[in-house]
Amino acid sequence: MDPENAQELRVGPALVAFFPSRFVGKRLPMAELCNACGACCRVIYVEQSPEEIRAVAQLTRVLGIPSDMQFAAEHWRPLSREEAMQRNPFYTRQLPTNAHLYTCDQLGEDGKCQSYESRPLVCRGYPWYGGKPVKVPLADPDCGYGRQLDPRPVSPGR
Ligand code: SF4
Ligand code: SF4
């Protein structure tokens with residue numbers, strides 16, 4: 001994929017910048033931070049509505065432009081607020097009441113991504129997208145990325 005041409009999905013209020021080179025050297029190895037709980041895939045929050053995702057997916061497909069939207073249009077299903085509350089109440093409670101919410105059919109029973117190698121950049125960059133850790137709602141209280149927000153040293157014996 002040519003990241004220069006990649007279309008953007010915006011997560012929550014943050015603009016997602018899709019330049020993988022920005023991630024190099026800035027992220028701890030995934031295994032150290034992600035416990036593969038799958039919470040961030042059970043309920044996905046992006047700014048785009050289903051109609052916007054479908055329209056951009058269609059346009060970029062016709063134009064031959066790589067786009068996260070194409071993956072999202074194919075694999076993400078819109079969720080009602082009630083469905084999202086059932087799937088991840090911890091996360092959903094923190095999101096705006098008019099948030100566009102989705103879930104992904106590539107999430108396996110084991111909490112792992114079934115399209116790991118081809119997952120879109122909006123997934124690859126979660127949650128900081130190459131920037132500094134900032135206070136945003138994380139999808140799970142035990143998400144390892146939360147440790148980057150609270151770098152207090154663990155005292156001996158804990
Ligand atoms: S919520 Fe955090 S720990 Fe859970 S799958 Fe997502 S990134 Fe990994
Ligand atoms: S493609 Fe994989 S990482 Fe992205 S939302 Fe779906 S299951 Fe999660």
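Author: For residue classes, Ala, Val, Leu, Ile, Met, Phe, Trp, Tyr, Cys and Pro count as nonpolar, Asp, Glu, Lys and Arg as charged, and the others, Gly among them, as polar. A residue is near a molecule if its C-beta atom, placed from the backbone, lies within 6 Å of it. This is a predicted model, in which local features need pLDDT of at least 70 and side-chain atom pairs count only at pLDDT 80 or more, while totals for chains, interfaces and linings use all residues. Residues are numbered from 1 along each chain as its sequence is written, and chains are lettered from A and ligands numbered from 1 in the order in which they are written.

Reader: How do the residues of the shell around ligand 2 divide by class?

Author: Six are nonpolar, two polar and one charged. The shell consists of Cys41, Ile44, Cys104, Gln106, Leu107, Cys113, Ser115, Arg119 and Cys123.

Reader: How many residues surround ligand 1?

Author: There are 13, and Cys34, Cys37, Cys40, Ala139 and Cys143 are the closest. Ala139 also touches Ala39, Cys40, Val43, Asn88 and Tyr91, residues up to four places away in sequence not being counted; contact requires C-beta atoms, placed from the backbone, within 7 Å.

Reader: In which order do the strands form the sheet?

Author: Strands are DSSP runs (E, at least two residues) numbered from the N terminus, and two of them pair if DSSP finds at least two bridges between them. Here three strands form an open antiparallel sheet in the order 1-3-2. Strand 1 (44-46) and strand 2 (76-79) each have a single partner strand, so one side of each lacks a neighbour in the sheet. Strand 2 is joined to strand 3 (residues 100-104) by four bridges, and arginine 77 has threonine 103 as its bridge partner in strand 3.

Definitions and conventions
Two residues are in contact if their C-beta atoms, placed from the backbone, lie within 7 Å.
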